[in-house]
Amino acid sequence: MELDPFLFSDEAVSEETREFNRELQEILRSMPTTHTQTPQGVRDKRRRGGPPWGPVVHSDHAREVPIKGPGGDLVLRIIDVGDSDGVYLHLHGGGWVLGAADLSDVGNEAMAREAGVTVVSVDYRLAPEHPYPAAIDDCSTAARWLIENAANEFGTDKLTIGGESAGATLAAATLLRVRDETGYTAWRGANLVYGVYMLPASPSVRAWETDGLVLDRETMEWFGHHYVGEPRPDPSDPYFSPLFGDLSNMPPALFTIGTWDPLVDDTLFMATRWAVSANETDLAIYPGGVHAFDGFPTTIGLEARRRMHEFIRRACE
């Protein structure tokens, strides 16, 4: 793992990235901020489409399989485009409050095609209706199901895991919990994309002052408020804040972060702890990348996705 100070400098940000960020900021500043709305209201708007994410697009290759979960049926959304040599367990983002497996179809179909894997995405329960630990209960249940059934269901036992934002948090926590509860450590790789690993807030989150770039402090507090529930979790609970976990016997990991993301410290801290725990660690830093930058058709977004696909493909070789 290498850390180049230049990547964090103003000079490292391309003009294309600057212009995109300016345009995105104008769009988001013209819209109601997330923290001024209700969770269901934000979910409904996402379903209807519109800026900045656009319409919902579903994959023709998707199917859904219910399994028994701790809160009832737990739906797994499976995308298989053929020629698969592994499985990628995907945990979607959305601050534990927003998002759904089918809203990730475009990215998951691309992962299936480019990495040559079957993608299994988990429709875990959302807060505030189901606060912590409901989401990690669901995700670890899905992981255990995959460990037990992947060979029969998908013809391979090569398992990888990953997610974006809150999904990366859940992926790291799932690795810890499954290892602690079952002893399983045979994951081939972890794709951890701008996750939250230290709750309630890392230094970069506490210092963040910029608005209109997807995340702001108030919105992050809004997510956290809905997620924690009562009784409040211990901030050092490793399934809540994975940075505090015993990170031994973790799989090779690719950590992805943009330098204009308030969660930058979370990734830098977690990648460092991953490496010093004797795990293979790859850190990908994108100058000027905002939160969720890989979801946009920019040069750095395309490069980040290409690198993730290649990482998962190599992990399943």
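## Two strands side by side

G258 stands opposite Y286, a residue of strand 8. This is a predicted model. Strand 7 and strand 8 run parallel, and seven bridges join them. Strands of a sheet pair through backbone hydrogen bonds, either parallel or antiparallel.

Which order do the eight strands of the open sheet take? The order is 1-2-4-3-5-6-7-8, and the pairing is mixed. Strand 1 (62-69) and strand 8 are the edge strands. Each of them pairs on one side only. On average, neighbouring strands of this sheet are turned by 20° against each other, direction ignored.

Helix 1 packs on this sheet. Helix 1 touches strand 7 and strand 8, and its direction makes about 65° with that of strand 8.

## Helix 5

Helix 5 covers residues 166-182, which is 17 residues. From first C-alpha to last, helix 5 reaches 23 Å. That is close to the 24 Å expected at 1.5 Å a residue. The helix lies across strand 3 (87-91), strand 5 (159-164) and strand 6 (189-193). Against strand 5, helix 5 runs at about 145°.

Why is helix 5 described as largely enclosed by the rest of the structure? Because 14 of its 17 residues are buried. Buried here means under 20% relative accessible area. After helix 5 comes G183, with a positive phi near 85°. R177 lies over the face of Y239, at 6.0 Å from the ring centre.

## Helix 8

Helix 8 has 13 residues, which should span 18 Å at 1.5 Å a residue. Its end C-alpha atoms are 19 Å apart, so the two values agree.

Which residues of helix 8 are buried? They are V264, D265, D266, T267, L268, M270, A271 and W274. What covers these buried residues? The cover includes helix 5, strand 6, helix 6 (203-207), strand 7 and strand 8. Just after helix 8, A278 takes a positive phi of about 70°.

## Aromatic rings

How many aromatic pairs does the structure hold? There are 13. One of them joins F20 and F296. Their ring centres are 5.0 Å apart, with 55° between the planes, and the pair is tilted. This pair links distant parts of the chain, 276 residues apart. F20 belongs to helix 1 (residues 15-29). F296 sits in the loop between strand 8 (281-290) and helix 9 (299-315). F296 is buried, with a relative accessible area of 6%.

F255 and W274 have ring centres 5.5 Å apart. Their planes stand at 80°, so this pair is edge-to-face. The cut-off for edge-to-face is over 60 degrees. F255 lies in strand 7 (residues 253-260), and W274 in helix 8 (residues 264-276). The pair therefore ties together parts that are 19 residues apart in sequence. Is F255 buried or exposed? F255 is buried, with a relative accessible area of 0%. W274 is buried too, with a relative accessible area of 0%.

Other rings group together: W96, Y132, Y227 and F240 form one aromatic cluster.

How values were computed
Residues numbered from 1 in each chain as written. Predicted model: local features only at pLDDT ≥ 70, side-chain atom pairs only at ≥ 80, totals over all residues. Heavy atoms only, no water. Helix = DSSP H or I, 4+ residues; strand = E, 2+ residues; numbered from the N terminus. Expected span 1.5 Å × (residues − 1). Buried < 20%, exposed > 50% of the residue type's maximum accessible area, 1.4 Å probe, protein only. Phe/Tyr/Trp six-rings, centres within 6.5 Å; stacked < 30°, edge-to-face > 60°. Lys NZ or Arg CZ within 6 Å of the ring centre and 35° of its normal. Pairing = 2+ DSSP bridges. Axes fitted to C-alpha atoms, helices over the stretch in contact; angles between N-to-C directions. Contact = heavy atoms within 4.5 Å.
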